[in-house]
Amino acid sequence: MTALFATLPLAGCTGAVASPAGPGDAEVTTTSAVVIVERSIDMSAGTRAETSARFVRVPARSSTRDALRTIGAAVDLPPPSTCASITALANERSPSQTATVVELADVGAVSLEANGHDTHLISRQLPDVTDVVSGVVYARAAEPTLFPAGARYLVHVAGGPDVDPFDVSASAPADPSDVRIAGEDGTAGVVVGAASPLDVSWAVDGSDDLLYLDVQPAGFRCALSEGATLSDEGAHATIPAALLDEAGSIVVHRVHREPLIARGIEDGEIRFDFSRSVPYVRR
């Protein structure tokens with residue numbers, strides 16, 4: 001793989017929520033909704049889980065992708081089967097982003113239900129210190145058992161001034177425990193040859209989930225699942241030796257996305273980002 005500095009964004013969709021403006025009318029806005037559930041497994045820190053929900057309104061002339069980046073709700077990936085600096089990916093901006101002002105809509109109470117357990121998200125009122133983002137953000141860290149892998153989730157929204165009440169559902173993927181690093185399951189860490197590239201392999205299950213990994217502390221991100229090499233044993237990708245430090249961690253992410261469709265939203269996204277961290281050393 002070569003290190004390329006380009007992005008393949010994961011972001012919620014947008015829909016118009018106002019009629020075309022005439023003289024004296026309010027400016028047309030668009031809405032994007034993104035609900036994110038994150039689980040991370042770390043050998044030293046254990047398993048952690050959190051979720052967030054944002055209902056974003058921006059002027060129609062603004063870039064929704066930039067708005068999602070502004071609020072930290074976008075994931076930037078390099079082209080398939082390549083790696084890129086995480087810093088370079090984060091610093092890429094379109095010319096319109098400097099003018100993007102983001103309003104987070106108040107949609108009332110928001111909760112997630114999984115395996116019969118209902119978890120209420122905590123709402124927080126902005127603006128933030130930059131005065132670029134205003135409105136309500138919903139988030140909650142919780143026991144990992146409340147946000148399980150491989151389960152059906154229900155998102156409950158009570159409704160607010162701009163959004164009617166709705167319930168939507170989505171299925172979470174499995175944790176990326178099937179991804180093997182250097183031929184190992186990684187539960188005890190892995191050893192990589194001093195000048196050897198790193199082999200990553202996983203089973204092909206026919207899903208459209210995205211796999212990517214972060215190399216830390218080197219700060220590189222590699223897109224795995226699209227464009228990977230396929231064989232009878234599954235899929236393979238190779239991480240160049242030049243991207244690896246003497247010791248560090250490989251953080252493997254499995255991302256599953258489903259559309260969020262509800263009245264008043266038109267389009268949106270429920271995103272699951274489940275990860276695990278595998279320490280490595282070079283010898």
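Two strands are taken to pair if DSSP finds at least two bridges between them, and helices (H or I, at least four residues) and strands (E, at least two) are DSSP runs numbered from the N terminus. The structure described here is a predicted model, in which local features need pLDDT of at least 70 and side-chain atom pairs count only at pLDDT 80 or more, whereas totals for chains, interfaces and linings use all residues. Residues are numbered from 1 along each chain as its sequence is written, and side-chain values use heavy atoms, with hydrogens and water left out.

On these terms, S6 and S10 pair in the antiparallel sense over 5 bridges, with Val110 standing opposite Val157 in S10 and Ser111 having His156 of S10 as its bridge partner. S6 also pairs with S7, again in the antiparallel sense, over 4 bridges, and here Ala114 stands opposite His117 of S7. S6 and S7 form a hairpin with 2 residues between them, and Asn115 in the turn has a positive phi of about 55°. These strands belong to an open sheet of 4 strands in the order S7-S6-S10-S11, with antiparallel pairing. Strand S7 (117-120) and S11 are the edge strands, each pairing on one side only. The twist from one strand to the next averages 20°, with axes being lines fitted to C-alpha atoms and angles running from 0 to 180 degrees between N-to-C directions.

Of the residues of S6, 4 of 5 are buried, where buried means under 20% relative accessible area, exposed over 50%, and partly exposed in between (1.4 Å probe, protein chains only). Across the protein, 46% of the 283 residues count as buried, and the secondary structure comes to 2 helices and 20 strands.

A nonpolar core is a set of buried Ala, Val, Leu, Ile, Met, Phe, Trp, Tyr and Cys residues joined through side-chain atoms within 4.5 Å. The largest such core has 31 residues, of which Phe55, Tyr153, Phe166 and Leu260 touch the most other members. Among the strands that each supply at least two residues of this core are S6 (110-114), S10 (152-157) and S11 (166-171). Contact means heavy atoms within 4.5 Å; with neighbours within four places in sequence left aside, Phe166 is in contact with Phe55, Val155, His156, Val157, Leu260, Ala262 and Ile265. A second, separate core of 23 residues includes Val200, Cys222, Leu224 and Ala237. Among contacts in the protein with a separation of 6 or more, 69% are accounted for by residues 24 or more positions apart.
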